[in-house]
Amino acid sequence: MAFSSYLISMMPLLLFSVLASSFMAASASNFSQDFDITWGDGRGQILNNGELLTLSLDKTSGSGFRSKNEYLFGKIDMQLKLVPGNSAGTVTAYYLSSQGPTWDETDFEFLGNLSGDPYILHTNVYTQGKGSREQQFYLWFDPTQDFHTYSILWNPKQILFSVDGTPIRQFKNAEATGVPFPKNQPMRIYSSLWNADDWATRGGLVKTDWSQAPFTASYRNFNAQACIWSSGASSCTTQSPSPSPSNNDWYSQDLDSSGRERLNWVQKNYMIYNYCNDLKRFPQGPAPECFT
C-alpha cells in the first residue's frame, strides 16, 4: 500500500489520534528529575528547563537514557518526534525492561527508512528472557513531522501498546495456558538512538547515509501513572495501585468495545508482520498466547 493512499484511508482514525494526542499532552514531567542520560558522550541532551530531551546519532556513536525510577505496573506515556528525512539504518528504541538473564521487556522500536518511505513500528514482548513475539506496523501519519504519544499500559491483565490513544497491540495475561507474564520484576524506561543498518531497513540492504548525520529524535511530555518500586517495595498498596483511587483506573483497565474495534482496525489495515501467522519461522504452530 502506498504511503499517501493509506493516509487517506485512515483519516477518521487520524482525527481521533490528533485529538487524543492533544489531551494526553496536558500532563508532563521534568526530564532532569525523572531520567538520566546513560551513554552517548554528550549526544543526549536535556533542554528547555527539563521539558525536552533529544538523542543524536553520528558515525561515532548513538545515545540513550533511562528512568531514575523502576516501575511494577503502570501506564507510561511519552511523546516522540522521530528522525526526519533519510533515516534508513537508524533505530529509535523506547521500551521497558528489567535486568538479569530472565528479564522482562516491552518494546517499541522505530525502524528508519528512505525519505518518502514509511517508518516501521516494531513491537516485541519478552517474558523471563524469551522474546520472538514480534508484531510490526506502519503508522497512519508521518511520525517525523510532529510529536505523537506512544503508550504502554501494563497491568495484571495485559500489556497494551497504543499510539495517540489508539490501541495497536494487546498482550494478554495467559498464565492459565502456561505463558509467563511480567508481574514480578520491576522495569525501568529506556530509550536509545543507534545504528542498525545490518538489519533495520529492508533486512540490511539499505545502509545508513552518514552524510545526513547527525540524526536526532526528540522527546517531551513524559507521564507515568505507575507503581514505583524502591528498596524492595511498591509505592502501591496491595489493594490499590495508588493512594488516590481517582487516578488508578489503569490498574484494572481492559479494552472496551470501542477499543477492540480500533485495535482490530489498525491490525487489519496497518499490521505488516505478526509472529502468530509466521508458520515458516514457527513450523510447530502459533504460540499459546496467540489464541487468547
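1. The model is predicted, so local features require pLDDT of at least 70 and side-chain atom pairs count only at pLDDT 80 or more, while totals for chains, interfaces and linings use all residues. Residues are numbered from 1 along each chain as its sequence is written, and side-chain values use heavy atoms, leaving out hydrogens and water.

2. Six of the seven residues of strand S8 (residues 120-126) are buried. Buried means under 20% relative accessible area, exposed over 50%, and partly exposed in between (1.4 Å probe, protein chains only). Strands (E, at least two residues) are DSSP runs, numbered from the N terminus.

3. Glu105 stands opposite Tyr126, and Thr123 opposite Gln135.

4. The whole structure holds seven salt bridges, defined by a side-chain nitrogen of Lys or Arg within 4 Å of a carboxyl oxygen of Asp or Glu. One of them joins Arg133 and Glu289, with closest N and O atoms 2.8 Å apart. Arg133 lies in the loop between S8 and S9 and Glu289 in the segment after strand S16 (271-274), so this pair ties together parts 156 residues apart in sequence. Arg133 is buried at 2% relative accessibility, and Glu289 is buried at 8%.

5. Arg281 and Glu134 also form a salt bridge (2.8 Å, N to O). Arg281 is partly exposed at 34%, whereas Glu134 is buried at 13%.

How values were computed:
Helices (H or I, at least four residues) and strands (E, at least two) are DSSP runs, numbered from the N terminus. Two strands pair if DSSP finds at least two bridges between them.
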